[in-house]
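Thanks for coming. Please look at the sequence and the model on the screen, and I will go through the charged pairs and then the strands.

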Amino acid sequence: MPFPDALDVFIGWEDSPGGIFVLDGSELDSTDVLAGLGADQFTGTYDDVSEDVAQGPTITIGRDSRLAQFQASSCTFTLSRPDEPDYYNPNAIAGQSPIAGVTPGFEPMRPVRVRATVDGTTTIIWYGFIRSAAWDSVTKQTTIQADDLFLWLSRVRPTYTAAEATGAG
């Protein structure tokens, strides 16, 4: 695979993804792969943070050995804005950072996607959710660690009743 001409990182600070996997509604038996893994279910806007990525993104996919369980893929990158040091501070209050003024703002489970452009063709190469954000008060940088759909699946619990489950077979 050729080296990408550009890597773009996007984070959705507002609204929430939902409806990614619906029992007896998602078309797991067709060519539809969970409707794009939820990318089309997020109704907020994505903010392009590519210019503020100081390190990364580093994407890890797969498993450690052939006998290991398949792990969630992860994406790690560091955000920094030297002219506005508190911009990406997850502990900042409204007024210090514009992200603190939006709902839900800087918190786990915000959607993240990474796009690569190769020879003029742009493709989403990774999609997931923020797992943690570590603020370094010395460097004024925030390291984002995000995981793929496995993170979402580990936190979501079914909301169907026993009668609905029985009716669905």
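D52, R81 and E84 are linked in a network of salt bridges. By salt bridge I mean a side-chain nitrogen of Lys or Arg within 4 Å of a carboxyl oxygen of Asp or Glu. As a general point, side chains of opposite charge can pair when their charged atoms come close.

A note on what you are looking at: this is a predicted model, in which local features need pLDDT of at least 70 and side-chain atom pairs count only at pLDDT 80 or more, while totals for chains, interfaces and linings use all residues. Residues are numbered from 1 along each chain as its sequence is written, and side-chain values use heavy atoms, with hydrogens and water left out.

Strands here are DSSP runs of E with at least two residues, numbered from the N terminus. The other partner of R81 that I want to show is E84, where the closest N and O atoms of the salt bridge are 3.3 Å apart.

Which of these residues are buried and which are partly exposed? Buried means under 20% relative accessible area, exposed means over 50%, and partly exposed is in between, with a 1.4 Å probe and protein chains only. D52 is buried, at 10%. R81 is partly exposed, at 24% relative accessibility, and E84 is also partly exposed, with a relative accessible area of 39%.

How many salt bridges does the structure hold? There are four. One of them joins D147 and R131, with the closest N and O atoms 2.6 Å apart. D147 belongs to strand β7 (residues 141-147) and R131 to strand β6 (residues 121-136), so the pair ties together parts 16 residues apart in sequence. D147 counts as buried at 8% relative accessibility, whereas R131 counts as partly exposed at 39%.

Two strands are said to pair if DSSP finds at least two bridges between them.

Let us take some neighbours in that order. β5 and β6 run antiparallel and are joined by eight bridges. Along this pair, V112 stands opposite G128 in β6, and V118 stands opposite T121 in β6. β5 and β6 form a hairpin with two residues between them, and D119 in the turn has a positive phi of about 50°.

Next come β6 and β7, which are antiparallel and joined by seven bridges. S132 stands opposite Q145 in β7, and A134 stands opposite T143 in β7. This is again a hairpin, with four residues between the strands, and K140 in the turn has a positive phi of about 60°.

On to β4 and β7, antiparallel as well, with seven bridges between them. Here C75 stands opposite A146 in β7. In general, the side chains of a regular strand alternate between the two faces of the sheet.

Now the surface. Which residues form the negative patch? They are E14, D47, D48 and E51. A patch is made of residues with over 30% relative accessible area and no salt bridge; like charges are joined within 9 Å, and nonpolar side chains (Val, Leu, Ile, Met, Phe, Trp, Tyr) within 5 Å. Asp and Glu count as negative and Lys and Arg as positive, while His and the chain ends are not counted.

D47 and G12 are 35 residues apart in sequence, with their C-alpha atoms 6.0 Å apart in space.

One last pair. V102 is in the loop between β4 and β5 and counts as partly exposed, at 23% relative accessibility.

Notes
Areas by Shrake-Rupley, 256 points an atom, 1.4 Å probe, with all protein chains shown as cover. Charge placed at Lys NZ, Arg CZ, Asp CG, Glu CD.
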